[in-house]
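Subject: Structure for you, with notes

Hello,

Here is the structure I promised to pass on. Please open it next to this email.

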Amino acid sequence: MKLILLGAPGAGKGTQAEIICDKLQIPAISTGNIIRAAVKEGTEMGTKAKSFIDAGKLVPDEVVIGIIKERLEADDCKNGFILDGMPRTVVQAEALEQMGVEIDKVLDIEVPDENIIKRMGGRRVCSACGASYHVEFKPSHKAGLCDRCGGSLIVRKDDEPATVLDRLKVYHELTEPLVEFYRERGKLIVIEGQKEIGQITAQILKELEA
Ligand code: AMP
């Protein structure tokens, strides 16, 4: 199963990707997590990407396409994968097609902008493994620590309110056109993203069985 999770920043893509990848036994691939790890390590790519991320802008297409091409060649992607946060532009979606990647389904998690802004204030991520949490909707078992790896939970710099507004603008301009792109290809499934996490997972799994 080759899946794409579409949706605005904060719609719940990462949360659902983490749950579904365990259930389907396929890797969840977050370009955001890959890029943040490169920033932390101080690699050449990470150093270049940092200013884009911090400003709420997209990292250039050619960088992201290079990252994903290499990642999808890894052995663990043979039986499928979930892409979280990629593609984010039509150019990236076309690049996937040119690589011969045949996507089965695209799940578009829809949440209105005003709710995204409210949610982002409570988002926390693990500084070590990138797992995502929310102080109200998905708290970790031990306050401030990741359930998966024990790493410390932090607020992402680009989750600050002003940057969230920029990211939403970028989403509507550059990423939302992908909804039509995949609808035209008969792959789009719209998921109502405002329910409880478990209910959204149930809806996604039902759609995947169909
Ligand atoms: P995310 O964790 O998916 O919210 O991504 C965080 C940031 O990483 C984005 O705001 C972009 O700056 C960058 N990024 C992640 N994925 C992509 C992508 N597919 N194309 C361009 N930039 C990306």
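First, the ground rules. This is a predicted model, in which local features need pLDDT of at least 70 and side-chain atom pairs count only at pLDDT 80 or more, while totals for chains, interfaces and linings use all residues. Residues are numbered from 1 along each chain as its sequence is written, and side-chain values use heavy atoms, with hydrogens and water left out.

**The ligand site**

The shell around the ligand holds 16 residues. T31, R36, K57, G85 and Q92 come nearest. By class, the shell has six nonpolar, four polar and six charged residues. Here Ala, Val, Leu, Ile, Met, Phe, Trp, Tyr, Cys and Pro count as nonpolar; Asp, Glu, Lys and Arg count as charged; the others, Gly among them, count as polar.

Which helix gives the most to the shell? Helix α2 (residues 31-41) does, with four residues. Helices (H or I, at least four residues) and strands (E, at least two) are DSSP runs, numbered from the N terminus.

Now the polar contacts, meaning pairs of N or O atoms within 3.5 Å; within protein, one must be able to donate a hydrogen and the other to accept it, and residues adjacent in sequence count only if both atoms are side-chain atoms. An N or O atom in the side chain of T31 is 2.7 Å from a nitrogen atom of the ligand. K57 uses its backbone: an N or O atom there lies 2.6 Å from a ligand oxygen atom. R88 has a polar side-chain atom 3.0 Å from an oxygen atom of the ligand. Taken alone, the ligand exposes 480 Å², and the protein buries 96% of that. Accessible areas come from the Shrake-Rupley method with a 1.4 Å probe; for residues, only the protein chains shown count as cover.

**Strands**

Two strands pair if DSSP finds at least two bridges between them. Strand β4 (residues 105-110) has five of its six residues buried, so it is largely enclosed by the rest of the structure. Buried means under 20% relative accessible area, exposed over 50%, and partly exposed in between (1.4 Å probe, protein chains only).

β4 pairs with strand β1 (residues 2-7) in the parallel sense, over five bridges. There, L3 stands opposite K105. β4 also pairs with strand β8 (residues 188-192), in the parallel sense and over five bridges. D108 has V190 in β8 as its bridge partner.

Elsewhere, three strands form an open sheet in the order β6-β5-β7, with antiparallel pairing. β6 (132-134) and β7 (153-154) stand at the edges with a single partner strand each, so one side of each is left without a neighbour in the sheet. Strand β5 (residues 123-126) meets β6 over three bridges. V125 is opposite S132 in β6.

**Buried residues**

For the contacts below, heavy atoms lie within 4.5 Å.

- T163 is found in helix α7 (residues 161-175). T163 is buried, at 9% relative accessible area. Beyond its neighbours within four places in sequence, T163 is in contact with D54, A55, G56, K157 and D158.
- I53 is found in helix α3 (residues 44-54). I53 is buried too, at 14%. Not counting residues up to four places away, I53 touches I35, R36, V59 and D158. I53 and D108 are 55 residues apart in sequence and 22 Å apart in space, C-alpha to C-alpha.
- V101 is in the loop between α5 and β4. V101 is buried, with a relative accessible area of 15%. Leaving aside neighbours within four places, V101 is in contact with L72, F81 and L96.

Most residues other than glycine have a negative phi, and most peptide bonds are trans. Two spots are worth a look.

A cis peptide bond joins M86 and P87, with omega about 0 degrees. P87 lies in the loop between β3 (81-84) and α5 (90-98).

Q25 is not a glycine, yet has a positive phi of about 60 degrees. Q25 sits in the loop between α1 (13-24) and β2 (28-30). Is Q25 buried or exposed? At 67% relative accessibility, Q25 counts as exposed.

Best wishes

Methods: A residue is near a molecule or strand if one of its heavy atoms lies within 4 Å of it.
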